[in-house]
Amino acid sequence: DINIHSKSLIDFISDTSTPITVGIQGEWGSGKTSLINSIHHSFDSHGDIKQIWINSWEYSLLSTPEEALLKIVNRIIDDLVAQDTNKKRLSSIKSGAESIFKGALRVGAGMTMGMEAANVAKELLETSEQTISALRQQLSDVVNESKFKKIIIYVDDLDRIEPRNAVAILELLKNIFSVKRCVFILAIDYQVVVKGLEH
């Protein structure tokens, strides 16, 4: 009986100030994906709302942890800027994001066993603060000039990823995408976050 929850969340998302993150917490198999699917479906017909769906588990398959982390961020950026008509800014966003990601991948490649996503996120946030800040401002400008009243980004299956990497993904999303009009909906088992933070 998820209808009462989905309706409440749909009303909340429609009226809330942004940026904001909503966590859908529950054990594996408790119906988190069904709940966010019903929210996604309800906004399908809204032309002024853009929806981006990220299945983090799929991005982690056949990828090192740092690659999965960067693929997720890159996918959100691609979807956000897809309709931007300012080609110069688009090029700047792409090159800025690429330099951040290449730097992180270089760091990862230098390690014999590859680098954990948590360390990549830490490296990015410590050494690229100005770059990340500039990227966030550019993304904010894109969103502000778009026709969309809200952008809803769903991140599903975080609890199927190694806990430290799930926390690293959350950390990077928080720092890059704290953008007005953006609503993040995360489906995660709270215990996974706790395990990830232990490290």
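Here is a short tour of this predicted model, one selection at a time.

Start by colouring the chain by pLDDT. The mean is 79, and 80% of the residues reach 70 or more. Now pick out residues 110-114: pLDDT stays under 50 there, and the model gives this stretch two contacts beyond four places in sequence.

Next, go for the largest nonpolar core, which has 36 residues. Select Ile 76, Ile 77, Leu 139, Leu 173 and Phe 177, the ones with the most contacts inside this core. Then show the elements that give two or more residues to it: the strands are strand 2 (49-55), strand 3 (150-156) and strand 4 (182-188), and the helices are helix 4 (65-81), helix 5 (87-109), helix 7 (129-145), helix 8 (163-176) and helix 9 (190-198). Helix 4 gives the most, with six residues.

Zoom in on Phe 177. Setting aside neighbours within four places in sequence, Phe 177 touches Val 73, Ile 76, Ile 77, Leu 80, Leu 139, Cys 182 and Phe 184.

Last stop: helix 9. Its buried residues are Val 192, Val 193 and Gly 196. Why do they sit on the same side of helix 9? Because they cover an arc of only 100° around the axis. Finally, show Asp 189, the cap at the N-terminal end of helix 9. One of its side-chain oxygens lies 3.0 Å from the backbone nitrogen of Gln 191.

Terms used:
Residues numbered from 1 in each chain as written. Heavy atoms only, no water. Core = buried A, V, L, I, M, F, W, Y, C linked by side-chain atoms within 4.5 Å. Buried < 20%, exposed > 50% of the residue type's maximum accessible area, 1.4 Å probe, protein only. Helix = DSSP H or I, 4+ residues; strand = E, 2+ residues; numbered from the N terminus. Contact = heavy atoms within 4.5 Å. Arc of directions from axis to C-beta. Polar contact = N/O pair within 3.5 Å; in protein donor to acceptor, adjacent residues only side chain to side chain. pLDDT = per-residue confidence, 0-100.
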